[in-house]
Every structure is written in structure tokens, then in C-alpha cells.
Amino acid sequence: MKKTLIKNVGIYQNHTVSEHQNIEITDDKITGFPKDKDVLFCAYDEVIDGHNMLALPGFVNAHNHIAMTVFRSYADDMDLMDWLQHKIWPAEDHLDGDVVYAQTMLGIAEMIRCGTTSFADMYFFMDDTARAVEESGIRACLSRGMTGITPSAETALKESKQLFLDWHKKGDGRITVMLGPHAPYTNTPDYLHRVVDLAHELGAEIHTHLSETKGEVENIKKQYGKSPIAWFDELGLFDTGCLAAHCVWVDDDDLDIMARKHVRVAHNPGSNLKLASGFAPIHKMLDKGIVVGLGTDGASSNNNLDIMEEMRLAVLVHKANTLDPLVIPAETAVQMLTEGGARALGYRDIGRLETGYKADITLIDRSGLHWYPRHDMLSLLAYAANSMDVDTVLVNGKVLLRNKEFTTIDIEKVKSEAERTKIKLFASL
Ligand SMILES: N[C@@H](CCSC[C@H]1O[C@@H](n2cnc3c(=O)[nH]cnc32)[C@H](O)[C@@H]1O)C(=O)O
Ligand SMILES: [Zn+2]
């Protein structure tokens, strides 16, 4: 049994911040908030000084293609379909497990440095991604992307099933697996039926892209007579639980389906801005009780994995787009960054600082000048802070970042491996 204490820290709980608190962690869980007079320091294996820090539930990156770090700034300023078909997919044909492992490590390091404790991913060579997750100590919900219209269709189904059998609930319970049918426009009804059958067979949830662009919605309506959301609903893709990235072009009927079928949304404002996809109506989703988390999408459509930047975009862009400064307040943005993301990934005991919850905790250093003077901590976090303020990160009770330094990752090796595998990949194109 390992006991850790975070002492004298500000805690975000129940929508407010209380100062000078203590958090007790036993193994992987939060086990209490003892008062100073009850704290026996010698009872702890590790004491973390939380002076001038703010403790939050670990940040969740609800949508990523992590190894796409290798394509960071390789092909920018393009239309989504042009970008996928002419640049990304041809280059992805040359990926291998060595590249994916090295690039995943880079992505994990970048995310931990930005306060992220869990992420949802959809990519290939997911065994290598899972290995990197296991070694680094981060938490992840992994899916092997599946497209029914490419030669990899059969392999993708087989690999998805194997990934689930090999890795679901593994790595001290830090790894979960979903099935990842890529998107409506890369799949066929027959193939999607097989995905749904597999989901029922395994008891697996779905991670997909839905209604990302206006063109996608128009084409699917032309082809199938209904919106992507209505079509996926009819095919049964929401029946075992679904995490849907983007949902930018959704109408009121779509929102009703999403609410009824408990579709959880990964909102990626950075990617939606860069690819000119549009503005997802997340205020309408939240009004209907739909769970919304924040995602970066891959590093090639963002181009970083900084989830605090996504929070800042989410809290800003919808105001200008709706001409309503009240539409997404700071507190809502912080909720999406933490609890919303955790719920989007299907976690039940993550996303709050409460007794019994997993000790996934991000400590923000409030010594920067932009933290003064102090009116409202949540406003400061959403509008003034940045990810360089992240000081300490714990996942499952284990410290992964301390005083802004990695504890489980050899960062110089990660950088050189990222460069080596990038050179190798691009030499083969
Ligand atoms: N095409 C693969 C499986 C898909 S993995 C997930 C895919 O999503 C792609 N991707 C990355 N960002 C986006 C986005 O914003 N929208 C749609 N697809 C994306 C990514 O390049 C990758 O090909 C196969 O043949 O088996
Ligand atoms: Zn994506």
C-alpha cells in the first residue's frame, strides 16, 4: 500500500475552488481530504507540496490520432478530403510499429506536459500505442481505425477484435478499448453491420467521426436519405455506447437522437477551425444534457496536443460565433476539460476530486504573473492560464510529471526517436 499526500493546495470541487486543502491518495485512489490537525506527515510515503498550486481532475483529451505527430506541419492549409486523400492516407500506408511507438511516446509526453491524464485515440499499429501507454503511465481509450472501403477492411476488423481481447482493461486498468469505424464516408452499410455485431459480441463501445463537414452531411443525405447521425443510429452504432468526434453539422433532430442514445461528443475546436469545418453547436448539446469533452484531434490538424489551448478556444470561439458572450462560460469550459472528457471516454470513477475516485490529478502552478490579481480562479484558468503552468501530473496515484519534469519518460530519447522515425518514414515515401 502506498500513501501520498498533496498538502496545502487549492482544490477545484463542486464548481468552486477551496484553498489550503489536503488530498490523501492511497495506491490509485483518492481516499480523503484530511484537515491539517488530523494530518500525520510520517504516515505518508510521499508528500507533494501544493503551495500556490491548484489541483484539478486530470485533463482529458477526448479525440486524438496520437502517432500523427509524425505529420505535424507536413501538410497544412488544405481541405479535409484533399488533405486525407492526397497527403495523409498515401503517407500512412508507409507507417510501421516502430514509427507509431516512437511518435506515440512523443505525443504522450506532450500531453502529460500539458496536464493530460487520459486520451482517446483512433489509429493503427495500436499494439505499439498500447505498449507506449502501458510504459508511460498515462490512461487511454484506444481504437483501431476501421474503413470499410479500403483493402485493409478485413484486417481492420480482425485487429480491432484482437486489440480488445489483448488490451481492454489492461495496464493496471488504465487501458480500455473501443471499436473505431472511421466515419460515415469511409464505410458501407454491410461493413458497419459487421462492426455493430462485433461490438455486441465483445461488449465494446464505438469511437467514430460524425458530421464533421457540411459536405459529408450533404453526401450522406444524398446517398442514404438521412443525416450521418440518423444513419448511424439506424445501423445500431449507438446501441453499445458511442464517442463521436466533431458533430459540427448537426440539426435539432440529430441532437434529439444524440441525447436519446447518449452519444458522447469530442469537441475539437482547433481542428474545426484549421480545417474550416465550422462551429459545433456545443451549447445546444449541453442544454440537452449531451456529454461533451474536448479533443485536439491529431497533431497534423491542430498542430499541437495542448488540451488547455482547446479549452481556451472552446471558451472563446462560440461567443463570437453566436454573438452571445454568455454561451460557454469559464466553468463550463473547465467542466468539459475534466469531468466532461472523463464521461465522454466512459469512465465512471474519473473526472472529479472526490473520495473513491481515481487519483488522476493535475496541479497548476499559480506563480505566473498572469495569475495575479485573483478575482475568480476558474476565469483565470480558462482565460489567462496556459499549459506551461502545469507543474505536476498524477495518473492512478503515480506521479508522471513533477516540478515540470518527466518521471517515467526519457525526454531526450523521445525527441531523437521521433526525429529518427520521421526521417525513416519520409525516406520511404
Ligand atoms: N484508414 C485506416 C483506418 C483509419 S485510422 C484513423 C484515420 O483518421 C484520419 N484522420 C485524422 N484526422 C482526421 C479528421 O479530422 N477527420 C477525419 N479523419 C481524420 C487519420 O489520418 C487516419 O487515417 C485504414 O485504412 O485502416
Ligand atoms: Zn479525428
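Where does UniProt place the feature "binding site"? The unreviewed entry lists Glu 92, Arg 144, His 182, Glu 212 and Asp 297 under that name. The model shown is predicted.

**Figure 1. Overall view of the protein chain in the predicted model.** The protein chain holds 14 helices and 18 strands. Its C-alpha trace spans about 65 × 45 × 40 Å along the principal axes. The radius of gyration is 21 Å; a compact globule of 429 residues would have a value near 22 Å, so the two agree. Buried residues account for 52% of the 429 residues. Of the contacts between residues at least 6 apart in sequence, 75% link residues at least 24 apart. The average pLDDT of the protein chain is 98, and 100% of the residues reach at least 70. For the complex, the predictor reports an ipTM of 0.97 and a pTM of 0.99.

**Figure 2. The shell of residues around ligand 1.** There are 22 residues around ligand 1, and those that come nearest are Ile 88, Gly 145, Thr 147, Thr 150 and Ser 152. Two elements give two or more residues to this shell, namely helix H1 (80-92) and strand S7 (116-123). H1 provides the largest share, five residues. By residue class, the shell around ligand 1 comprises nine nonpolar, 10 polar and three charged residues.

**Figure 3. Helix H3 and the elements that cover it.** Helix H3 runs over residues 126-136. Its buried residues are Met 126, Asp 128, Thr 129, Ala 130, Ala 132, Val 133 and Ser 136. The cover over the buried residues of H3 includes helix H2 (97-113), S7, strand S8 (139-146), H4 and strand S9 (175-177). Gly 137 follows H3 and has a positive phi, near 95°.

**Figure 4. Arg 144 in strand S8.** Leaving aside residues up to four places away in sequence, Arg 144 touches Phe 124, Met 126, Ala 156, Glu 159, Ser 160, Leu 163 and Gly 180.

**Figure 5. Glu 212 in the loop between strand S11 and helix H6.** S11 covers residues 206-210 and H6 covers residues 214-224. With 27 C-beta neighbours inside 10 Å, Glu 212 is classed as buried. Its contacts, not counting residues up to four places away in sequence, are Leu 80, His 246, Val 248 and Ser 277.

**Figure 6. Thr 155 in helix H4.** H4 comprises residues 153-167. Is Thr 155 buried or partly exposed? Thr 155 has 13 C-beta neighbours inside 10 Å and therefore counts as partly exposed. Thr 155 and Glu 135 are separated by 20 residues in sequence, and their C-alpha atoms are 26 Å apart in space.

Technical notes. Residues are numbered from 1 along each chain as its sequence is written. Chains are lettered from A and ligands numbered from 1 in the order in which they are written. This is a predicted model: local features need pLDDT of at least 70, side-chain atom pairs count only at pLDDT 80 or more; totals for chains, interfaces and linings use all residues. Helices (H or I, at least four residues) and strands (E, at least two) are DSSP runs, numbered from the N terminus. The radius of gyration is taken over C-alpha atoms; the globule rule is 2.2 Å times the number of residues to the power 0.38. A residue is buried if 20 or more other C-beta atoms lie within 10 Å of its own, exposed if 12 or fewer, and partly exposed in between; C-beta atoms are placed from the backbone. Two residues are in contact if their C-beta atoms, placed from the backbone, lie within 7 Å. pLDDT is the predictor's confidence in each residue, from 0 to 100. A residue is near a molecule or strand if its C-beta atom, placed from the backbone, lies within 6 Å of it. Ala, Val, Leu, Ile, Met, Phe, Trp, Tyr, Cys and Pro count as nonpolar, Asp, Glu, Lys and Arg as charged, and the others, Gly among them, as polar. UniProt positions are given in the numbering used here, feature names are shortened, and annotations may be inferred rather than shown by experiment.
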